[in-house]
Amino acid sequence: MHPLWLRSTNLKDFLAPLQAAGLNAFEFLLDPGDSQWSQFAPLMKSSADMGFYLSFHFPYRQAYSLQGFRENTQVVSRNELASLLSLTQDLGKATGHTPVIVVHAAKSKSASRQQLFNDTLAFMQWAVEGFPGLYFAIENLGPAATGELKLGDTREEVFDLVVKTGSPQVGICWDLGHDKLHNRLKTPPISWLEKVIHLHVHDVDSGGVDHYPLVYNNVPYRAWLPIFSSRQLPGSVCLEIKGHQLKGWGINKITQSLVDSVNLVRELVDE
Ligand SMILES: [Zn+2]
């Protein structure tokens, strides 16, 4: 959820058709560099007051890469990172649900995969120790840009990070669209699926651009979502849509595509 969705409407009107379709959760990106950042905390609070499940996405801009975390040489200070996690932990206490924080493993143009693994692991251990009121979900990532290493762009690395952190607070965020970008269309093994605590669902258009509503049928969500039940993962199936990609669609088509996507997710994820 981003305040820009409400640019020409208000929360109640924006939500009415989506709640009717079964929407009951929001994920918020934590990004103090966002020009609308001051509007996030009030919107998170209003959503919590309305009874929505809340989850959060740890910042993933380059400045927030976990590279260097083990030696405490990452760009953003641990205090600053802790203040973001404290905000989410406090909101979790207010809702009575333990929020999930989605985390991208470290990325870099210079470090080795092993270094990035060690940095990410150090962050995970620091995070679970300092924030017992949160769950953390390590996400499988889309392909890296040329010249960049992205730890966690394979299923195996995500699994290894979760296992090596060894905390019941840590699991996998399975991004179905990212698997499509890698052309990984085989269902993961049971041992991997058992670690999934959060899902990112979006579609990929014919040009290979992701984060669309579920209108293209290019991602196997019809096969993969029924693996899960809403009781098992309450509030943890997230439609991860980037609004700026829908420019030119018109408000009616956008609203309808969101309503249809929420309906489809609700149908596919068993009770
Ligand atoms: Zn995602």
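At what angle do helix α4 and helix α5 pack, and how far apart are their axes? The model is predicted, so local features need pLDDT of at least 70 and side-chain atom pairs count only at pLDDT 80 or more, while totals for chains, interfaces and linings use all residues. Residues are numbered from 1 along each chain as its sequence is written.

**The helix pair**

Helix α4 (residues 113-130) packs against helix α5 (residues 155-165) at about 45°, and their axes are 10 Å apart. That angle makes α4 oblique to α5; angles under 35 degrees count as roughly parallel, over 145 as roughly antiparallel, 65 to 115 as roughly perpendicular and the rest as oblique. Axes here are lines fitted to C-alpha atoms, for helices over the stretch in contact, with angles from 0 to 180 degrees between N-to-C directions. From α4, the residues T120, L121, M124, Q125 and V128 meet L161, K164 and T165 of α5. The residues of this contact divide into 4 nonpolar, 3 polar and 1 charged.

**The sheet**

Now to the strands, which are DSSP runs of E with at least two residues, just as helices are runs of H or I with at least four. An open sheet is formed by 7 strands in the order β1-β2-β3-β5-β7-β8-β9, with parallel pairing. Strands β1 (25-29) and β9 each have a single partner strand, so one side of each is left without a neighbour in the sheet. Two strands pair if DSSP finds at least two bridges between them. Strands β2 and β3 pair in the parallel sense over 2 bridges, and H57 has V102 in β3 as its bridge partner.

| Strand | Residues |
|---|---|
| β2 | 53-57 |
| β3 | 100-103 |
| β9 | 237-239 |

Both faces of β3 are covered: V100 and V102 on one side, and I101 and V103 on the other, are all buried. Buried means 20 or more other C-beta atoms within 10 Å of a residue's own, with C-beta atoms placed from the backbone.

**A closer look at V237**

V237 is found in strand β9. V237 counts as buried because it has 24 C-beta neighbours inside 10 Å. Leaving aside neighbours within four places in sequence, V237 is in contact (C-beta atoms within 7 Å) with L199, V201, V265 and V269.

Technical notes:
Buried ≥ 20, exposed ≤ 12 C-beta atoms within 10 Å, placed from the backbone. Contact = placed C-beta atoms within 7 Å. Nonpolar A, V, L, I, M, F, W, Y, C, P; charged D, E, K, R; others polar.
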